[in-house]
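Hi everyone, thanks for making the time. Let me put the structure up, and then I'll walk you through a metal site and a domain interface.

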Amino acid sequence: MQTTQKNSAADSAPTLTPFTGAPRRLTILGATGSIGRSTADVIAAAPGRFVVEAVVGGRDAQALAKMAIELGAACAVLADPKGYQALVALLAGTGIEVGAGPEAVVEAALRPADIIVAAISGAAGVAPTHAALAAGRTIALANKECLVCAGAAFMATAKRSGAQLLPMDSEHNAIHQALGGADPATIEKMILTASGGPFRTWTREAIDAATPAQALAHPNWSMGPKISVDSASLMNKGLELIEAHFLFGVEAARLDVLVHPQSIVHGLVAFSDGAVTAGMAHPDMKTPIAHCLAWPERIPTKVRRLDLAELGSLTFERADTDRFPALRIAMDAMRHGAGMPTVLNGANEIAVARFLSGSIGFRDIARSVEAVCEAMERAGEAGEPLSVDDALAVDHIARERARIHLDGRPHSGALSG
Ligand code: NAD
Ligand code: MG
């Protein structure tokens, strides 16, 4: 299917087969999550356009079996081997092939498909997504942690295999559309918007003491727990800057963030002649998902239509890195380069999981990530990861250091009283 060398969304030209004959074959990694469920909705709204080859989930056999049946998938794979028997029982008599375990996840990602929807949460998505990329598959990328953890290796693999990366993250998808095939040299700035999350107007003290329930209550988007916490800390925007850096091949100095509480404008491109193009839509992931699945064509969705007169006004403000230190730490990691984004991502995943389980406070997330970044720089452990294996080795050390850091200090924030 892939015939030309493509390594970034910015220089991408259509290489997918148009919708004239057979439906497109999709595999969904992370099918039971928020993006996975929205992808199922987009598929249901476009009858005859798509068939589903494989669905992959983490631990929930019941949710995966339901999704596999609903989508008529040929194969269903659970990452957790302990769920294998349950999945077999749930899918008995359906003819759907069943697998479980990390190797089965990679095998599922390598089954013949036109597009792989990469929607696993976190660096757990790196191995299967990279395997599909290396095999030349078109990837619709929601899983930003892949690029933060192993961006240089991913882009090098895409170049080698000729595989295409379609940005599904809403800001990057908007920028992909706003670019319109422009010459990268004419781009002065790429701007990602941030809603500001649930704590946009809160004081530093109130943010530091925030609870998991407060962090999960995002004003505009309904998402999985990890990305919701990242959105509350603005770490998500930092991860997205790093994602944009790799995806579009644009250096840190030309990347910026703008807080936009209404989440209508998702991304902007400022050109050397003073023109600015923007990607707009209501905050609903079904729009960027549909854009990726149909690309370079378009398919109808049922998402709410944009009525700017009804909205009346859109507002913008600068990001406050004093109240949201995670954004500053992520920007520093991006500017530092080499293995620092990998370290940032691994340490953040541990801290967010600890915060969600109630064992650390909100402010401990940024503090521990910064401490791990500094410690690994001092120890010379944040060198450039040239391969995915190198990146996963750095990620492993970052996680270990984050665990040690969080276990070895008293808790603070909401839980310290
Ligand atoms: P989620 O937590 O709702 O879903 C994650 C999915 O990954 C689930 O299906 C889960 O079972 C699966 N999974 C978890 N661990 C796994 C493992 N080890 N192996 C295989 N599967 C595993 O998360 P989400 O909100 O859907 O986000 C998924 C990805 O998309 C994240 O990287 C996120 O940053 C990105 N993203 C999400 C949104 C959104 O609106 N939800 C928007 C932009 C980008
Ligand atoms: Mg986003």
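Let me start with a question: what spacing do the donors of the magnesium ion (ligand 2) follow along the chain? They follow D-x1-E-x68-E. Before I go on, a word on the source: this is a predicted model, where local features need pLDDT of at least 70 and side-chain atom pairs count only at pLDDT 80 or more, while totals for chains, interfaces and linings use all residues. Residues are numbered from 1 along each chain as its sequence is written, chains are lettered from A and ligands numbered from 1 in the order in which they are written, and side-chain values use heavy atoms, with hydrogens and water left out.

Back to the magnesium ion (ligand 2): Asp-169 (OD), Glu-171 (OE) and Glu-240 (OE) coordinate it at 2.1 to 2.2 Å. Donors here are N, O and S atoms within 2.8 Å of the metal (3.2 Å for Na, K and Ca), and water is not among the atoms, so sites may look incomplete. Glu-171 sits in helix α7 (residues 170-179) and Glu-240 in helix α11 (residues 235-248), so this pair ties together parts that are 69 residues apart in sequence. Helices (H or I, at least four residues) and strands (E, at least two) are DSSP runs, numbered from the N terminus.

Now the domains. The assignment, which is an automatic or database one, gives domain 1 (2-168), domain 2 (169-196 + 253-319) and domain 3 (197-233 + 337-417). The C-alpha centres of domain 1 and domain 2 are 25 Å apart. Their contact (heavy atoms within 4.5 Å) takes 31 residues from domain 1 and 21 residues from domain 2.

How much area do domain 1 and domain 2 bury between them? About 2100 Å², 70% of it on carbon and sulfur atoms; that is the accessible area (1.4 Å probe) that two parts lose on being put together, summed over both.

Across that interface, the rule finds two salt bridges, each a side-chain nitrogen of Lys or Arg within 4 Å of a carboxyl oxygen of Asp or Glu. Elsewhere in my notes I have a pair between Glu-297 and Arg-49, whose side chains meet in a salt bridge at 3.8 Å, N to O.

The structure as a whole holds 26 salt bridges. Among them is Arg-111 with Glu-97, the closest N and O atoms being 3.1 Å apart. That pair links distant parts of the chain, 14 residues apart: Arg-111 is in the loop between α4 (102-109) and β5, and Glu-97 in strand β4 (residues 97-100).
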